[in-house]
Amino acid sequence: MIMFRPLMVLASLVTLGAISPVRSSVDSRPNFVVIFIDDMGYGDIEPFGSTENRTPHLRRMAEEGMRLTSFYVASPVCTPSRAALMTGCYPIRVGLAYGSDHLVLFPGDSHGLHPGERTLAELLQEAGYATGCFGKWHLGDQPGFLPTDQGFETYFGIPYSNDMWPHHPNKSWPFPPLPLMRDTTVEGVVDDLEAQGKLCQQFTEAAVQFIRENRERPFFVYLPHAFVHHPRHARDSFLRKAEEPGIDWEAAGERSGSREEAVKTRAQIEEVDWSVGEVLETLRALKLDRKTLVLFTSDNGGARGCDNGPLRGRKGTPFEGGMREPTLAWWPGSIPAGSANHEMMTTMDILPTFTRLAEAELPEDRMIDGFNIAPLLLGSPHATSPTKAFYYYQRDQLKAVRSGPWKYFASGELYHLEKDIGETRDVANQHGQVVAQMKRRLERARVDLGDGQRKGANTRPVGIARHPRTLLPRPGATGEEAFTPTLLVRP
Ligand SMILES: [Ca+2]
């Protein structure tokens, strides 16, 4: 299965050797940090309207940077959303619209991001960047699929979602223990809520250490937090602080299911804010702030307990609340301070944009769906979105398309998002021409990318491991049987 690895490793070593000496002391290319929160809602942080969660570091990040108010992920759930970020492509294009037998990848899943895909990390690594991934991966846990197989020189984190552990409430999924990995080795186990509550700090500290160690060369840090995905827990100091007044506990409790859950949700969001502060402070202290582009966003819309602000729907849905994310871009001296941009942008734009800024080459042998949005981020006057149409996929189903202010659902509704961000007034009857044009766009996507049973003409294969097994043995089972992929175990 690891068909491309030896050649690619060799190729990247050769490239590194060729480039590094030339660039050494006068490398003017920016560093990149992507802070990717799990399941956070559009209205959960102060720069996007939260009055309950105290997020001073994100507030300052917005004051020193740019708010992106129409920034989308390419799927309302974890695995496909991450596939889009790493490849610059719609998940369905790279075969990861869903896991082998579920919405997302499960432990020991035979599927993963194809090793032949050219990830953002690989492109930057080949251009001489130090690359580190600290947090939740969720693009495959088999050899060949892990972060260190996909362009990251180092990895510390959990290979999939933090609720994929033996304490999951759905007992028809017999999960193995949740591994904490360093590179390709299981280093520990996240075995209780207290351990869950430490993950934000652990990933943050690993990222900060990596930044310190690589301050002399360009780096790419990918910090995909396990927070604020269920089960929620935070460090004691954040839990205690979250008990303080300033929140409508009745409303928050209703949103979360209980007051205790509401406290944990608030604590997690505020601890994520702490994490952002640690990263930005480190960059300032090392005098790298004017050399580093930091992007903060979430992998999909808010899950239960989170606040999606004015948006309709939530995680898992093709409404704005499932796929439009609270996004900040920060690069003092380059990105205009205290600005906002309302143009349509997506996580698929990150690969072409970073590649351009890093003076790296985009692969020419394949389709990439994202565009270079550097002109928008750098505040070029009159810059407009290069995305003429954005497609909302749920699994492999094409649900809607946005073009300009219009969002049209395959089911027939039309919304004007600039006048009606909450998707409350279907105006399809008043805009026949727009509807006709949007239908044509949907049809183009069906031909190109596919829709349900209909296969797209330009899709690429998912990675498939021939003999998948879980990283850790399942409790209560013995021998090789204990390593059976979760979805193959029939209770
Ligand atoms: Ca998620």
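I took helices (H or I, at least four residues) and strands (E, at least two) as DSSP runs, numbered from the N terminus. The model is predicted, and I kept to its limits: local features need pLDDT of at least 70, side-chain atom pairs count only at pLDDT 80 or more, and totals for chains, interfaces and linings use all residues. Residues are numbered from 1 along each chain as its sequence is written.

**Aspartate 365.** I found aspartate 365 in the loop between helix 11 (350–357) and helix 12 (374–377). Buried or exposed? Aspartate 365 is exposed, because 5 other C-beta atoms lie within 10 Å. The cut-offs are 12 or fewer for exposed, 20 or more for buried, and partly exposed in between, with C-beta atoms placed from the backbone. I also checked tryptophan 330: it is 35 residues from aspartate 365 in sequence and 32 Å away in space, C-alpha to C-alpha.

**Helices 6 and 9.** I looked up how helix 6 (residues 199–213) packs on helix 9 (residues 259–285): the angle is about 10° and the axes are 10 Å apart. Helix 6 and helix 9 are therefore roughly parallel (angles under 35 degrees). Helix 6 brings residues including Ala207, Val208 and Ile211 to the contact, and helix 9 brings Val272, Val279 and Leu283 among others. Contact needs C-beta atoms, placed from the backbone, within 7 Å. The contact residues divide into 7 nonpolar, 3 polar and 3 charged. Ala, Val, Leu, Ile, Met, Phe, Trp, Tyr, Cys and Pro count as nonpolar, Asp, Glu, Lys and Arg as charged, and the others, Gly among them, as polar.

**Domains.** I noted domain 1 (30–388 + 462–488) and domain 2 (392–455), with bounds from an automatic or database domain assignment. Their C-alpha centres lie 27 Å apart.

Methods. Axes fitted to C-alpha atoms, helices over the stretch in contact; angles between N-to-C directions. Parallel < 35°, antiparallel > 145°, perpendicular 65-115°, else oblique. Contact = placed C-beta atoms within 7 Å.
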